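Keep the viewer open as you read.

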Amino acid sequence: MSTGDAFLVLSAFLASGVEFVEALTIVLAAGLARGWRSSLAGLGAATLVLAVVVIVLGPALTVIPLQGLRLVVGALLLVFGLQWLRKAILRASGYKALHDEDAIFARELADAQGAARLERAGVDWYGFTLAFKGVLLEGLEVVFIVLTFGSAQGSIPLAAAGAVAALVLVAGVGIAVRAPLARVPENSMKFAVGVMLTTFGIFWSVEGAGADWPGSDAALLGVLGFVLLFSFALVRVLRRERRTQLRTAEVQT
Amino acid sequence: MTRLAAFGRFWWGFVIGDDWVVAALVAAAIAVTAALAAAGIAAWWLLPLAVPLTLWLSLRRAIRST
């Protein structure tokens with residue numbers, strides 16, 4: 001397995017893992033508040049829709065010429081990665097509240113318990129819709145990452161293997177504990193995913209634009225190191241700035 | 001029309017996200033990279049230079065809006 005392939009599996013695993021943890025929180029809240037039948041029906045329906053998206057888009061992506069594909073995928077991953085990285089840096093530096101799976105679960109649960117009951121075909125509509133929308137939205141991100149990463153690296157099955165491993169792990173632990181996975185280091189994982197997406201985005205955008213990397217594929221490691229370096233530097237600078245702001249505000253009050 | 005607008009808003013939010021400036025700067029940097037490469041000039045360095053600057057700008061915009 002090449003360095004690129006290893007990064008591919010790791011990136012798909014981490015990105016999918018984060019999304020699956022968030023989907024699990026919503027399915028659990030829907031199941032506990034509205035009944036497991038409607039929650040699992042929503043989960044199943046969303047999985048079917050996602051499977052159709054993969055079946056339609058997967059083969060279509062493999063027929064696009066690699067350079068054009070890398071240009072489009074690289075640009076999309078770069079925009080996507082910078083969004084993840086911006087949020088992760090804002091969280092790590094204290095400008096944005098940390099992602100709290102327990103708090104999200106409590107909020108979803110309270111909303112679901114307070115909603116009126118409307119049954120269609122023996123299924124509670126609120127529970128079904130909540131689980132369906134949650135799984136579909138989180139799942140779409142997984143599908144996007146697996147298909148774009150996999151097709152640009154030339155191996156959708158490898159990216160899919162990373163995502164399936166994350167699914168098995170999250171679903172297994174979720175079924176065992178029947179609680180949101182608050183102990184998963186989600187904020188760190190999101191930071192890592194942002195770094196990975198940005199790294200691949202830079203690498204493939206440059207190749208797709210027709211430029212050559214010095215050292216060819218080995219440059220990927222250099223890009224990764226560079227992205228890590230400037231991301232940590234930004235966290236450090238902004239954290240210091242935030243502390244100074246808070247100290248000044250404390251002195252003034 | 002409302003459904004079409006909602007569909008458009010979903011994809012805009014999904015792909016472009018909170019800060020359209022990031023997408024615009026990334027697109028501009030890739031276009032310049034492609035132009036330099038087409039002219040036979042080494043252009044691999046441009047995106048690694050543009051990306052940290054774009055991120056810094058986007059972070060400042062996010063902090064200003066909080």
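The contact draws 26 residues from chain A and 27 residues from chain B, where two residues are in contact if their C-beta atoms, placed from the backbone, lie within 7 Å. On the side of chain A that touches chain B, α3, α7 and α8 (219–252) each supply at least two residues. The largest share of that side, 10 residues, comes from α3(A). By class, the side of chain A that touches chain B has 20 nonpolar, 4 polar and 2 charged residues. Here Ala, Val, Leu, Ile, Met, Phe, Trp, Tyr, Cys and Pro count as nonpolar, Asp, Glu, Lys and Arg as charged, and the others, Gly among them, as polar.

Before going further, a word on conventions. This is a predicted model, in which local features need pLDDT of at least 70 and side-chain atom pairs count only at pLDDT 80 or more, while totals for chains, interfaces and linings use all residues. Residues are numbered from 1 along each chain as its sequence is written, and chains are lettered from A and ligands numbered from 1 in the order in which they are written. Helices (H or I, at least four residues) and strands (E, at least two) are DSSP runs, numbered from the N terminus.

α3(A) and α2(B) pack at an angle of about 140 degrees, and their axes are 10 Å apart. Axes are lines fitted to C-alpha atoms, for helices over the stretch in contact, and angles run from 0 to 180 degrees between N-to-C directions. The crossing of α3(A) past α2(B) is right-handed; a crossing is right-handed if the near helix is turned clockwise from the far one by less than a right angle, and left-handed if anticlockwise. From α3(A) come Ala75(A), Leu78(A), Val79(A), Leu82(A) and Gln83(A), and they meet Val22(B), Ala23(B), Val26(B), Ala27(B) and Ile30(B) of α2(B). By class, this contact has 9 nonpolar, 1 polar and no charged residues.

α3(A) also has a partner inside its own chain. Helix α3 (residues 66–92) of chain A packs with helix α7 (residues 186–208) of chain A at an angle of about 150 degrees, with their axes 6 Å apart. The two are therefore roughly antiparallel to each other, a label for angles over 145 degrees, whereas those under 35 count as roughly parallel, 65 to 115 as roughly perpendicular and the rest as oblique. α3(A) passes α7(A) in a left-handed crossing, and by class their contact has 18 nonpolar, 10 polar and 5 charged residues.

Beyond α7(A) comes Gly210(A), whose phi is positive, near 95 degrees. Most residues other than glycine have a negative phi. Ser216(A), though, has a positive phi near 55 degrees. Ser216(A) sits in the loop between α7 and α8 of chain A and is exposed, with 9 other C-beta atoms within 10 Å.

Helix α5 (residues 125–153) of chain A has 29 residues and reaches 41 Å from its first C-alpha to its last, close to the 42 Å expected. Of these residues, 22 are buried, so α5(A) is largely enclosed by the rest of the structure. Just after α5(A), Gly154(A) takes a positive phi of about 85 degrees.

Stepping back, chain A has 8 helices and 2 strands, running α-α-α-α-β-β-α-α-α-α from the N terminus on. Of its 253 residues, 46% count as buried.

Finally, turn to chain B. Asp19(B) lies in the loop between α1 (2–15) and α2 (20–38), and it is buried, with 20 other C-beta atoms within 10 Å. Pro52(B), in helix α3 (residues 46–65) of chain B, counts as partly exposed, with 17 C-beta neighbours inside 10 Å.

Key. Buried ≥ 20, exposed ≤ 12 C-beta atoms within 10 Å, placed from the backbone. Expected span 1.5 Å × (residues − 1).
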